[in-house]
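Visitor: I'd like to learn how to read a model like this one. Could you walk me through it?

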Amino acid sequence: MRTDATNEAEQLDWLVRELRSDMRKLPKRRQLTGAARHAQELFETNAARLPSGHLACGAGCASCCNAHVGVEMAEAFVILEYLRRTRSDDTVDDLLARTAARASEVAGLDPATRWAARVPCIFLDPDAGTCTIYEARPLACRGYNSTNRDACEAMAASGDTKDGIPADGERLGRSRLLRQALARVTALSVGSEAAAEHFELHTAVTGAAEAGEALAWQRKMRGKTKG
Ligand code: SF4
Ligand code: SF4
């Protein structure tokens with residue numbers, strides 16, 4: 001991320017320009033997923049420069065994977081592509097069917113109710129406590145890093161979210177800014193602010209699977225705007 005930008009608005013503008021400039025180098029059908037991947041890479045490069053000794057997260061710890069996760073549609077297509085690249089067709093079909101069922105299960109639950117209901121993310125390996133799409137996980141997951149595992153576990157046990165996860169503010173702030181940039185880039189690519197909407201993770205992946213690919217989704221959204 002740009003380090004000489006003096007405020008968040010400048011950072012956001014710079015990120016939007018950076019993502020759009022990178023997108024133009026790609027064929028149209030790969031532009032939106034390319035922007036999402038680029039945003040995720042920017043997050044990782046930037047986060048790697050931050051101090052990390054205070055972070056409590058690690059493999060096998062996954063209480064947070066019962067939380068509501070909001071994503072941009074571009075990131076849902078990254079997940080879809082990743083699944084298709086790394087799993088057999090039958091496995092992907094089965095996983096997408098379970099993702100759609102999970103989307104219905106959590107539809108309409110606000111984040112606090114969702115947390116208390118303890119409905120795990122479909123991409124969590126519950127035995128290992130690891131993310132099965134780690135490489136393609138969305139910015140919201142990348143940005144959530146706790147400084148106190150006991151607090152996460154206490155919150156999971158009580159189902160009470162009032163104190164929140166004691167998240168590392170730097171990483172959380174950067175992931176949020178990148179999500180905003182990605183949402184703005186998506187809206188610009190479609191020509192409609194409606195395309196900037198954030199979706200619940202399972203709902204977004206189900207929508208991505210229904211559209212088939214990002215370009216088809218962009219055309220559908222553009223058609224809605226004109227209609
Ligand atoms: S946010 Fe909390 S529950 Fe999630 S991996 Fe980090 S320490 Fe574990
Ligand atoms: S995508 Fe991965 S990291 Fe994010 S909630 Fe699901 S299992 Fe956890």
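Predicted model: local features only at pLDDT ≥ 70, side-chain atom pairs only at ≥ 80, totals over all residues.

Visitor: Okay, now zoom out. How many helices and strands does the chain have?

Guide: Count 10 helices and 4 strands. Reading from the N terminus, the order is α-α-β-α-α-α-β-β-α-α-α-β-α-α. The radius of gyration is 17 Å, close to the 17 Å the globule rule gives for 227 residues, so the chain is as compact as a globular protein of that length. Along its principal axes, the C-alpha trace spans about 50 × 45 × 30 Å.

Visitor: What share of the contacts between residues at least 6 apart in sequence join residues at least 24 apart?

Guide: That share is 76%. As for burial, 34% of the 227 residues in the chain are buried.

Visitor: And what should I look for inside?

Guide: Here's the general idea: in soluble globular proteins, nonpolar side chains tend to be buried together. In this model, the largest nonpolar core has 49 residues, and those with the most contacts inside it are Ala-39, Ala-74, Ala-76, Phe-77, Leu-178, Leu-182 and Ala-208. The elements giving it two or more residues are α1, α2, α3, α6, α7, α8, α9 and α10. Helix α3 gives the most, with 8 residues.

Visitor: Take Ala-39. Which residues does Ala-39 touch, leaving out those up to four places away in sequence?

Guide: Ala-39 touches Leu-19, Leu-139, Leu-178, Ala-181 and Leu-182.

Visitor: Back to α3, then. How should I read a helix?

Guide: An α-helix has 3.6 residues a turn, so residues three or four places apart point the same way. Now try α3, residues 73-86: its 14 residues reach 20 Å from first C-alpha to last, close to the 20 Å expected at 1.5 Å a residue.

Visitor: Which residues of α3 are buried?

Guide: The buried ones are Met-73, Ala-74, Glu-75, Ala-76, Phe-77, Val-78, Ile-79, Leu-80 and Leu-83. Notice that a glutamate, Glu-75, is on that list.

Visitor: What about α9?

Guide: Helix α9 covers residues 201-211, and its buried residues are Leu-201, His-202, Ala-204, Val-205, Thr-206, Ala-208 and Ala-209. Just after α9, look at the backbone of Gly-212, which takes a positive phi of about 95°.

Terms used
Residues numbered from 1 in each chain as written. Chains lettered and ligands numbered in written order. Expected span 1.5 Å × (residues − 1). Buried ≥ 20, exposed ≤ 12 C-beta atoms within 10 Å, placed from the backbone. Core = buried A, V, L, I, M, F, W, Y, C linked by C-beta atoms within 7 Å. Contact = placed C-beta atoms within 7 Å. Rg over C-alpha atoms; globule rule 2.2 N^0.38 Å.
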